[in-house]
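The following exercises ask for a reading of a structure, each with a worked solution. Please consult the sequence and the coordinates while working through them.

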Amino acid sequence: MRASLIELQEALLATPLSAIALTLAAYLASLWIVERIGRPSWCPAVLLAALLVAASLWMLSIDVIDYQRGAGWLMLLLGPATVALGVPLYQQLHHIRALWKPLALSLPPAAALASCYSLALAWALGASPEVLASLAPKSVTAPIALGIIDELGGSVPLLMGGLLITGVMATLAVSLLAAPLGIRDHRILGFALGINGHAIGTVRAFEMSPTAGAFASLGMSLTGIFTALCLPLAWRLLGL
Amino acid sequence: MIALLRGFLWLTGFWLAGETLVVLLGLPVSAGVVGMLLMTGMLMLRVGRLDDIAAASQPLIGLLAMLIMPGVVGVFFVADDFAGQWLAVAVALVGGTLASVLTTLLLMRRFMPPEPGSATPEETPS
C-alpha cells in the first residue's frame with residue numbers, strides 16, 4: 001500500500017500537468033477570494049495565488065524546484081504574451097504622436113529614476129550585487145523584467161517579490177500624493193501608475209477611468225521598452 | 001478559433017524572429033521585447049491582420065498575471081538566501097517607489113499640456 005502511494009506520487013510529479021493544474025486551481029481560487037473581499041489594491045490576486053501554491057507545496061512536501069519545472073511549460077507562453085503587448089502599444093500610438101514632446105521630456109528620466117532611487121538606497125544599505133541586479137528592473141512589467149533579469153544575473157524570486165511590492169506601493173503613493181500636488185488630470189495619474197506600478201498600477205488606473213487606463217498601459221509599455229533597451233547596456237558599461 | 005490560431009502563429013513567429021536577431025546580433029535585450037517592437041512596426045506598416053493578432057493577444061495579456069505566478073512562488077522559499085539583506089530590500093522598494101512616483105508626478109505636471117476641452121474630466125477620482 002505504502003509503496004504504491006510513493007509510486008503514485010512519483011508518477012504525478014513526473015508529469016508537468018500536476019503543476020499546471022495546481023497553478024490554475026490556485027489562481028482561480030484567489031480570483032474568487034479577491035472578488036469576495038472587494039478587490040483591495042494591497043492584495044493583488046497573483047500574490048494570494050502564489051501564497052496558496054506555496055502553502056500546498058509545503059503541506060504536500062513537494063520541492064519548489066519540481067513544481068517550477070512543471071509550471072515552466074505554462075511560463076513558455078510568456079514569450080508570445082510579451083510580443084502580444086505590441087497590440088495595445090500600437091493602439092495607443094496616437095497618444096504618442098499627439099504628446100511626443102512631454103513624453104520625451106518626462107518618460108526617460110522618470111523610468112530611469114524609478115530604477116536608480118531603489119538601487120541607490122539598496123547600495124547604501126549594503127545590498128549584494130545579486131540583490132541590486134534583482135531590484136533594478138522593479139518598475140518593469142513582469143514578462144519584460146524576466147527578460148532583463150537574464151541579462152543582469154539577478155534572482156528571479158526576489159525580482160518577482162520586488163515587482164509585487166513596487167506595484168502595490170506605487171498605487172498607494174499615487175493616491176496619497178495626487179491631492180497634495182493638486183493633480184487631477186487622469187492622463188498624468190495614469191502615466192504615473194503605469195511607469196511606476198507596471199501591470200498592478202495599470203489595473204488600478206483602469207478602475208479610475210478609461211483615460212487613466214489607456215495612459216497607464218502606454219506608460220507601462222514605454223517604461224518596459226526603455227528599461228529593456230537601456231538597463232542591460234548601462235549595467236555592462238558600469239561593469240557590474 | 002482559427003483566427004486565434006493564426007494570431008498565435010504570428011506572435012510565436014515574431015518571438016522567434018526576435019530570438020534570431022538577439023542571437024545573431026548579440027543584443028542585450030530579451031527576444032520578447034524585440035519581437036514586440038518588430039510586431040508594432042509591422043502593424044504600423046499595415047502588414048498582417050490586426051484582427052487575428054488581437055484575437056490571440058487579448059486572452060494572453062489577460063492571463064499575464066497567471067503566467068508569472070509560478071515565478072512569484074519562489075519568493076517564499078528564498079528567505080535564507082538573502083538573510084541580512086531584507087531591510088535593504090524593503091527600504092529600497094518602499095522608499096524608492098515613493099520617491100519615483102513623486103518625481104514622475106512632478107515631471108508630468110511640469111511638461112504635460114492642459115487637457116483639450118475642459119480642465120478636468122468628469123470621471124470621479126477614487
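**Exercise 1.** Determine in which helix A:Leu28 is placed, and state whether A:Leu28 is buried or exposed, or falls in between.

*Solution.* Step 1: A:Leu28 belongs to helix α2 of chain A, residues 16-36; helices (H or I, at least four residues) and strands (E, at least two) are DSSP runs, numbered from the N terminus. The model is predicted, so local features need pLDDT of at least 70 and side-chain atom pairs count only at pLDDT 80 or more, whereas totals for chains, interfaces and linings use all residues. Residues are numbered from 1 along each chain as its sequence is written, while chains are lettered from A and ligands numbered from 1 in the order in which they are written.

Step 2: A residue is buried if 20 or more other C-beta atoms lie within 10 Å of its own, exposed if 12 or fewer, and partly exposed in between, with C-beta atoms placed from the backbone. A:Leu28 has 13 C-beta neighbours inside 10 Å and therefore counts as partly exposed.

Step 3: The C-alpha atom of A:Leu28 is separated by 9.0 Å from that of A:Ala45, 17 residues apart along the chain.

**Exercise 2.** Describe how α2(A) packs with helix α3 of chain A.

*Solution.* Step 1: The angle between α2(A) and α3(A) (residues 45-59) is about 130°, and their axes are 8 Å apart. Axes are lines fitted to C-alpha atoms, for helices over the stretch in contact, and angles run from 0 to 180 degrees between N-to-C directions.

Step 2: α2(A) is therefore oblique to α3(A); angles under 35 degrees count as roughly parallel, over 145 as roughly antiparallel, 65 to 115 as roughly perpendicular and the rest as oblique.

Step 3: On the α2(A) side, the residues that meet α3(A) include A:Leu22, A:Ala26 and A:Ile33, and among their partners in α3(A) are A:Ala45, A:Leu48 and A:Leu52. Two residues are in contact if their C-beta atoms, placed from the backbone, lie within 7 Å.

Step 4: The residues of the contact of α2(A) with α3(A) comprise 12 nonpolar, 3 polar and no charged. Here Ala, Val, Leu, Ile, Met, Phe, Trp, Tyr, Cys and Pro count as nonpolar, Asp, Glu, Lys and Arg as charged, and the others, Gly among them, as polar.

**Exercise 3.** Locate A:Pro44 and list the residues that A:Pro44 touches, not counting residues up to four places away in sequence.

*Solution.* Step 1: A:Pro44 lies in the loop between α2 and α3 of chain A.

Step 2: Because 23 other C-beta atoms are within 10 Å, A:Pro44 is buried.

Step 3: With that exclusion of residues up to four places away in sequence, A:Pro44 touches A:Leu164, A:Gly167 and A:Ile200. The C-alpha atoms of A:Pro44 and A:Leu164 are separated by 8.1 Å, at 120 residues apart along the chain.

**Exercise 4.** Summarise the fold of chain A and its contact with chain B.

*Solution.* Step 1: Chain A contains 13 helices and 0 strands, and of its 240 residues 51% count as buried.

Step 2: The contact between the chains involves 90 residues of chain A and 71 residues of chain B. Helix α11 (residues 156-178) of chain A gives the most to the side of chain A that touches chain B, with 14 residues.

Step 3: By class, that side of chain A has 64 nonpolar, 19 polar and 7 charged residues.
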